[in-house]
Amino acid sequence: MTLAALQSAKVRQRIDAALRDGLVSHWPFPEDAGKRLVIEAGGVGSWTISSKASRVVAEPGPTRRPDATVHADALTLAELLEGEHSGVDLWLKGFLRVRGSIALALKLEVLLKGPRKSTYSRPRRVTAGGIDTFLLEAGESSDRLPAILLHGLSATGASMLPTLPPLAKHRRVIVPDLPGFGESGKPLIDYHAEFFAKWVIQLMDSLGIERAHLIGNSMGGRISIEVGLRYPERVGKLVLYCPAVAFRKLRQLVPLVKVIRPELGALPIKVPRSVVMGVMQQIFSKPDRVPAPWFDAAADEFFRVFSTRRGRIALFSAARQIYLDNPWGDRGFWERLKQLGPSALFVWGDRDVLVPSGFSKHVEEALPEARSVVLQDCGHVPQFELPDVLHPLVTDFLGTD
């Protein structure tokens with residue numbers, strides 16, 4: 001046996017042992033009954049993890065049409081299963097690739113026994129406002145306020161994962177899938193900012209959180225602002241990545257959009273994968289800054305939700321409400337923004353094609369005491385594109401609060 005073959009055999013033994021001795025006995029998420037997670041160790045082997053009679057079972061070999069697949073080199077996979085690394089960290093650093101359901105892949109760590117570092121993500125389900133909610137939690141309660149990270153339109157909590165590790169070192173961090181998106185429930189309602197703001201408070205109540213910092217991207221930023229306006233006593237500080245503020249121009253289609261109902265999403269709709277990939281790449285200033293597998297994983301997650309009737313209706317409803325957000329008058333967004341109480345950090349990308357950085361001047365006029373930063377050569381998702389620039393700004397702004 002060659003040295004390489006011997007090393008591969010030893011690593012495979014480590015993986016086999018980790019799966020044999022390290023998996024919990026009972027599947028902790030009943031809603032995943034029947035789902036199958038494949039782990040692929042490049043050149044060494046593959047295994048299928050599934051639930052059978054509510055028990056966690058690991059079998060050698062892949063299965064046809066798994067719900068999610070985690071790819072990594074054999075040594076990285078062994079160390080992940082043994083608890084030496086966080087799956088989120090490995091994914092963000094490009095050492096681990098995910099296809100299919102990101103949410104199911106993120107549950108791998110909760111299937112493993114043994115001590116896990118507090119900064120590792122912990123999947124949970126809670127009921128908030130009567131809505132079944134999937135979330136990731138990391139960090140531990142401390143004298144610092146928790147942080148709740150809110151994702152944007154058509155995304156899931158996975159889009160906020162780059163911000164989780166730097167914050168989880170010092171505070172509790174909550175990353176939910178918003179209602180209507182990802183693994184959370186999708187009631188047939190109007191997905192407007194007022195609904196989401198009330199739901200955030202209900203989520204905090206269900207988690208026993210009295211006050212929290214809110215960090216939101218795009219639609220999640222707009223929701224965070226609404227929470228700050230309606231429930232300022234529950235908010236510490238706001239950090240807003242390219243928030244979806246009310247558009248002051250391009251409102252010619254408002255009368256038409258008002259009569260188009262989101263229930264049209266009940267109809268089956270085919271969207272070419274190339275279109276989705278193209279749109280995702282356009283929101284970056286330089287798409288090659290992030291590993292290509294991230295785009296594949298994000299597209300898989302989009303189609304997984306968009307293929308469902310309620311997922312399409314929720315997406316159309318939320319998009320419709322963003323466009324219809326009234327900018328003018330005493331109850332319009334820009335007049336109300338002047339009343340925002342919590343301290344806020346606005347972060348914009350100078351090459352954002354969805355929310356132009358020119359909005360920064362309007363925010364500065366409405367909130368002269370807020371901090372507004374325009375990142376150079378950055379698109380709509382700075383947490384992915386420029387994390388080393390963004391996250392020091394965030395941690396500095398939150399400080400020890």
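Modeller: Buried here means under 20% relative accessible area. This is a predicted model. By that cut-off, helix H7 is mostly covered, with 11 of its 12 residues buried. The buried set runs through Met219, Gly220, Gly221, Arg222, Ile223, Ser224, Ile225, Glu226, Val227, Gly228 and Leu229.

Now the geometry. H7 covers residues 219-230. From first C-alpha to last, H7 reaches 17 Å, close to the 16 Å expected at 1.5 Å a residue.

Next, the lead-in to the helix. Serine 218 is in the loop between strand S10 (212-217) and H7. Its phi is positive, about 55 degrees, although serine 218 is not a glycine. Serine 218 counts as buried because its relative accessibility is 13%, and the cut-off is under 20%.

Cysteine 242 lies in the loop between strand S11 (235-241) and helix H8 (254-259). Its phi is about 45 degrees, and cysteine 242 is not a glycine either. Cysteine 242 has a relative accessible area of 0%, so it is buried.

To recap: H7 has 11 of 12 residues buried. Serine 218, in the loop between S10 and H7, is buried at 13% and has a positive phi of about 55 degrees.

Note on methods: Residues are numbered from 1 along each chain as its sequence is written. This is a predicted model: local features need pLDDT of at least 70, side-chain atom pairs count only at pLDDT 80 or more; totals for chains, interfaces and linings use all residues. Side-chain values use heavy atoms; hydrogens and water are left out. Helices (H or I, at least four residues) and strands (E, at least two) are DSSP runs, numbered from the N terminus. The expected span of a helix is 1.5 Å times one less than its number of residues. Buried means under 20% relative accessible area, exposed over 50%, partly exposed in between (1.4 Å probe, protein chains only).
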